[in-house]
Amino acid sequence: QNVADPSPALDGVVIRVEATGICRSDWHGWMGHDSDIHLPHVPGHELAGLIEAIGSEVKRWQVGDRVTVPFAVGCGYCPECLAGNQHICDNYFQPGFTAWGSFAEYVAIPHADVNLVELPEELDFVTAASLGCRFITSFRAVVVQGRTQPGNWVVVHGCGGVGLSAVMIARAIGARVIGIDIKPAALTLAKSVGATHVLNSRAVPNVVEAIQELTGGGAHVSIDALGSRETCRNSVLCLRKRGRHVQVGLMVADYKDALIPMNLVIAKELELLGSHGMQAHQFPGMLDMILSGRLQPKRLIGGTVSLEESLIALTSMTDFALTGVTVIDRF
């Protein structure tokens, strides 16, 4: 449908969307797993584009600037934002969830001075859009929450967009990485972007035992990049003593509660951590790694589609039909 173009808030901007990713979080929203969504609605939260209009209170940005934005937008003045944790803002804003998103020609983003990220000219819009949720969440999960060090064993459960990003990032740091999935194509891609080993969880008798054997005692860091009772539990069980489990895949609907072996958490002094996006002020370190070639998120893009074709791509996620990241670049 054609709808009215958005207007910027006093401290916000309107972005002309040049590219926007199709994320499993969008699928969760379509399935009704998010209480923030009220119909009629426009999804989309992984975006990159050009500033089309600015509010009168915006100081750092001008019309025409190339920008992206983390999917979790901070207000800038709550206690979490003042502590630098804009991604878990007490007054959070999420395009595509709390308001209309980027599956459209234009999207309005508030609190621009706090949240927008300038895009270097060398970074194309499709690649930039692929960063806005899955890649930044994986970067924070591996680097900040997981505290991954060179030589660590990192296990990634689920090699979709989030998981493949985590594999690439962990490998760039110098970790040894095991990628786990049920799709041969996803495992092949995981191997190509840095996985030391890959495991098809349907082809091995016991995933946890296989991991412990490959790693000589368990993972230092394990990431549930899918979000299911099985992957969450396996992620905790496969850790060595003092290992760190990072939950990235959403736990919602009928699998929001996972059975966690707290006896092992105590006995092994394990850490259970969440990772939900990344603040705008932490983008520079990641962008530097991309521009230097240490990270190559473009390799994770499985294809581009038009806005109309996105309907098929979104609904296909029910069957995990897509490999890599799919981006809308034609409106």
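Let's start with His-111, which is buried, with a relative accessible area of 16%. Keep in mind that what we have on the screen is a predicted model. You'll find His-111 in the loop between strand S4 (106-109) and helix H3 (112-115). Its backbone is worth a look too: phi of His-111 is near 50 degrees, a positive value, and this residue is not a glycine. As background, most residues other than glycine have a negative phi, and most peptide bonds are trans.

Is Arg-147 buried or partly exposed? Arg-147 is partly exposed, because its relative accessible area is 37% and the buried label needs a value under 20%. Then there's the peptide bond joining Leu-39 and Pro-40, which is cis, with omega about -5 degrees. To find Pro-40, go to the loop between helix H1 (24-31) and strand S2 (46-54).

Now for the helices, beginning with a pair. Helix H5 (residues 131-145) packs against helix H6 (residues 161-173) at an angle of about 45 degrees, and their axes are 8 Å apart. That angle makes H5 oblique to H6. As for handedness, H5 and H6 make a right-handed crossing. Who makes the contact? From H5 we have Arg-134, Phe-135, Ser-138, Phe-139, Val-142 and Val-143. H6 brings Gly-161, Val-162, Ser-165, Ala-166, Met-168, Ile-169, Ala-170 and Ile-173. By type, the residues in this contact of H5 with H6 come out as 10 nonpolar, 3 polar and 1 charged.

Which residues of H7 are buried? They are Ala-186, Leu-187, Leu-189 and Ala-190. Looking down the axis of H7, these buried residues fall within an arc of 160 degrees, so they line one face of the helix. On the face of H7 turned away from the buried side, you'll see Pro-184 and Thr-188, both exposed. The cover over the buried residues of H7 includes H6, strand S7 (176-181) and strand S8 (197-200). After H7 comes Gly-194, with a positive phi near 135 degrees.

Helix H8 (residues 207-215) can be read in a similar way. Its buried residues are Val-207, Val-208, Ala-210, Ile-211 and Thr-215. Around the axis they cover an arc of only 160 degrees, which puts them on the same side of H8. What do the buried residues of H8 pack against? Their partners are strand S6 (153-157), S7, S8, strand S9 (219-224), helix H9 (229-237) and strand S10 (239-247).

One last stop, Leu-270, in the loop between helix H10 (262-267) and strand S11 (271-274). Leu-270 is buried, with a relative accessible area of 9%. What does Leu-270 touch, leaving aside its neighbours within four places in sequence? Its contacts are Val-236, Leu-239, Arg-240, Arg-242, Gly-243, Leu-264 and Val-265.

Methods. Residues numbered from 1 in each chain as written. Predicted model: local features only at pLDDT ≥ 70, side-chain atom pairs only at ≥ 80, totals over all residues. Heavy atoms only, no water. Axes fitted to C-alpha atoms, helices over the stretch in contact; angles between N-to-C directions. Helix = DSSP H or I, 4+ residues; strand = E, 2+ residues; numbered from the N terminus. Parallel < 35°, antiparallel > 145°, perpendicular 65-115°, else oblique. Left-handed = near helix turned anticlockwise from the far one by under 90°. Contact = heavy atoms within 4.5 Å. Nonpolar A, V, L, I, M, F, W, Y, C, P; charged D, E, K, R; others polar. Buried < 20%, exposed > 50% of the residue type's maximum accessible area, 1.4 Å probe, protein only. Arc of directions from axis to C-beta.
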